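Please open the structure in the viewer and keep the selection tool at hand. The stops below proceed one selection at a time.

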Amino acid sequence: MGTIPWWQKTVVYQIYPRSFMDSNGDGIGDIQGIISKLDYLQDMGFETIWISPFFTSPQEDFGYDIAEYRSIASEYGNMDDFRELVREVHKRDMHLILDMVLNHTSKEHSWFKESRSSKNNPKRDWYIWKPGKKPPNNWKSMVFGRGWHFDSLTDEWYWAAFLPCQPDLNWRNSEVYNEMLSILKYWLNEGVDGFRLDIFGAIYEDPNFQNNPFSPHLFPNDVRGNGVFQSTEMTRNHPDNFQLAKKLRTFIDEQSQHHAWMVGEIFGGYAALREFCGREIPDGLHLAFMFQTVHAPFTAAAYRKLIIEAEQWFPEPYCPTWVFGNHDMNRRITRLRGDRDKAKLDFAYQMTVRGVPFIYNGEELGMTNGEIPTAQAQDGVTKHFKKYFPDWVVSLVNKQFNGAVNRDNCRTPMQWNPDENAGFCRTGINPWLPVNRSVQKNNVITEQEEKDSLLHCVKRFIKARRENEALKSGSLKLQPNIISSSQVLAYSRETESEEDVFLVLLNFSNKQQRIDLSPITTGRISVVVSTVLQKQKAAGFKLNRNKISLLPWEGCVLQYS
Ligand code: NOJ
């Protein structure tokens, strides 16, 4: 086993900048706000921060519609603020990765304005244009409805994989290709440590523009893709994207002397994810989001299956990712019906399984969904659906799609304290989205004071992971032979160089479970960390007679030699 790169051992925290911390009183989060909270993030143990886009943008998709790739939107700050952020992050031995939207720009980008202005414009071919009275083929967008949009200025259709205000760039044009790479280089030179790549599998489509074949599914999902009776064969995860992943890997490795890394937002099954990371050797994207987690039922069997699949598709030197929430879906604890014990167990799994954990801001507090009705939603996707359907239908579709059609609900302001505006912005100012009603008991200050809070539990598990190499980078082995109940998940983590083995026990039931550890060791065993505060107090102490009782929903890590 070679040396494991830093990014395989890190813990990533995603910041949605608009909702994180407002420093200048406009009700919108900003870069100075992020800087003011770096001590909190460092104290929690988050090592890498990924910030959703803060580039110049008309904000029709809140930053995922970029109008200028080398500048910062004025509501978030300026390049001086950004440089200060990089310095402050690095000063704390933390890392920063940016969110890069390579697939499309905003309609307001000067490139698109030029491109649409005439068929002879030098930038015409920078986007995907097709003539005809009817749309060129049957391709649908990811957000419902046709992905082709007619532009009466030149009487042609342009392709947009996401919202109509986000025209796709034509990566088959070498000028586009070179320009996008030079943008990545620009930010690497500014000191960033890597990139999260937005809808990476949508960059190249079928070059012959063939129709997408029929699919029997009405509803698409993150993994299958296919939906509304159409497959995504021609529009998603086209093999040319796998090649792009390899080219970018070479480029990023060269530019950063193998320091920086990329994680791709990819929707697809494990085979596709693996292709993006390199089929035979890891020569593609460093990591790919595994959204399989989001659809897994909360049971030991389902989580065991996730491990088996992750180990099968991403054995060392590949590395799995563990994603349970982000700015596009219902809050994790809302999906767990508000159950904090289950949320603790979920984090215990995420922090101890082999791979890189990604935590969305507020999840460490157990922030719940907001309650923003469809009629008031600011999300571009909600507005898009409202063009086709009445509000009640949009709300139903939103339920069916795990909150992906009204994403305001997972983007409400970060809850720093119990005040009216949650400490996100000054009292008397209107935050861009209303603060959750749960703020009084569910905020950083209150949870810091309460020893048994979710926040403290998350912090303990991150600390255990950081202090023990085996939990960060050790190999993983399922331990079925010690489990007497199908509701307990057990696995061990170990490195070649360390004597001690770490055993993770997760009780996915509301019953106490007695575990006999003698099949794996008769030696010394001690508790490293537990989701249950009482057990935590026993950390470091030797267990009696190789037996342990797991409390309902308890997750714990033991160490033995
Ligand atoms: C995926 C991002 O996570 C989402 O927020 C965005 O709206 C789309 N890509 C389009 O860029």
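Begin by selecting the buried residues of helix 5, which are M79, D81, F82, L85, V86, E88 and V89. Buried means under 20% relative accessible area, exposed means over 50%, and partly exposed lies in between, with a 1.4 Å probe and protein chains only. Helices (H or I, at least four residues) and strands (E, at least two) are DSSP runs, numbered from the N terminus. The model is predicted: local features need pLDDT of at least 70, side-chain atom pairs count only at pLDDT 80 or more, and totals for chains, interfaces and linings use all residues. Residues are numbered from 1 along each chain as its sequence is written, and side-chain values use heavy atoms, with hydrogens and water left out.

**Around helix 5**

Show the surroundings of this helix next. Its buried residues pack against helix 3 (31-36), helix 4 (38-44), strand 2 (48-51), strand 4 (68-72), strand 5 (95-100) and helix 7 (174-189); contact here means heavy atoms within 4.5 Å. Helix 5 (residues 79-91) has 13 residues and reaches 18 Å from its first C-alpha to its last, close to the 18 Å expected at 1.5 Å a residue. The expected span is 1.5 Å times one less than the number of residues. At the start of helix 5, select N78: a side-chain oxygen of N78 reaches to within 3.0 Å of the backbone nitrogen of D80. Just after the helix, D93 takes a positive phi of about 60°.

**The ligand**

Now select the ligand. Which of the 13 residues around the ligand come nearest? They are D61, D198, H327, D328 and R407, where a residue is near if one of its heavy atoms lies within 4 Å.

**N326**

Move to N326, in the loop between strand 12 (321-323) and helix 12 (332-335). Is N326 buried or exposed? N326 is buried, because its relative accessible area is 5%. Its side chain reaches the backbone nitrogen of D328 at 2.8 Å. Leaving aside neighbours within four places in sequence, N326 is in contact with Q14, F291, Y360 and C410.

**Helix 9**

Select helix 9 (residues 270-277), which is largely enclosed by the rest of the structure because six of its eight residues are buried. Those residues are Y270, A272, L273, R274, F276 and C277. Their cover includes helix 8 (239-256), strand 11 (287-288), helix 10 (292-295) and helix 11 (300-313). G278 follows the helix and has a positive phi, near 110°.

**Helix 13**

Go on to helix 13, which is mostly covered, with ten of its 13 residues buried. Among them are L345, F347, Y349 and M351. D339 caps the N-terminal end of helix 13, with a side-chain oxygen 3.0 Å from the backbone nitrogen of D341.

**K386**

Finish at K386, in helix 14 (residues 380-388). K386 is partly exposed, with a relative accessible area of 31%. Not counting residues up to four places away in sequence, K386 touches T374, A375, D391 and V394.

Conventions: A polar contact is a pair of N or O atoms within 3.5 Å; within protein, one must be able to donate a hydrogen and the other to accept it, and residues adjacent in sequence count only if both atoms are side-chain atoms.
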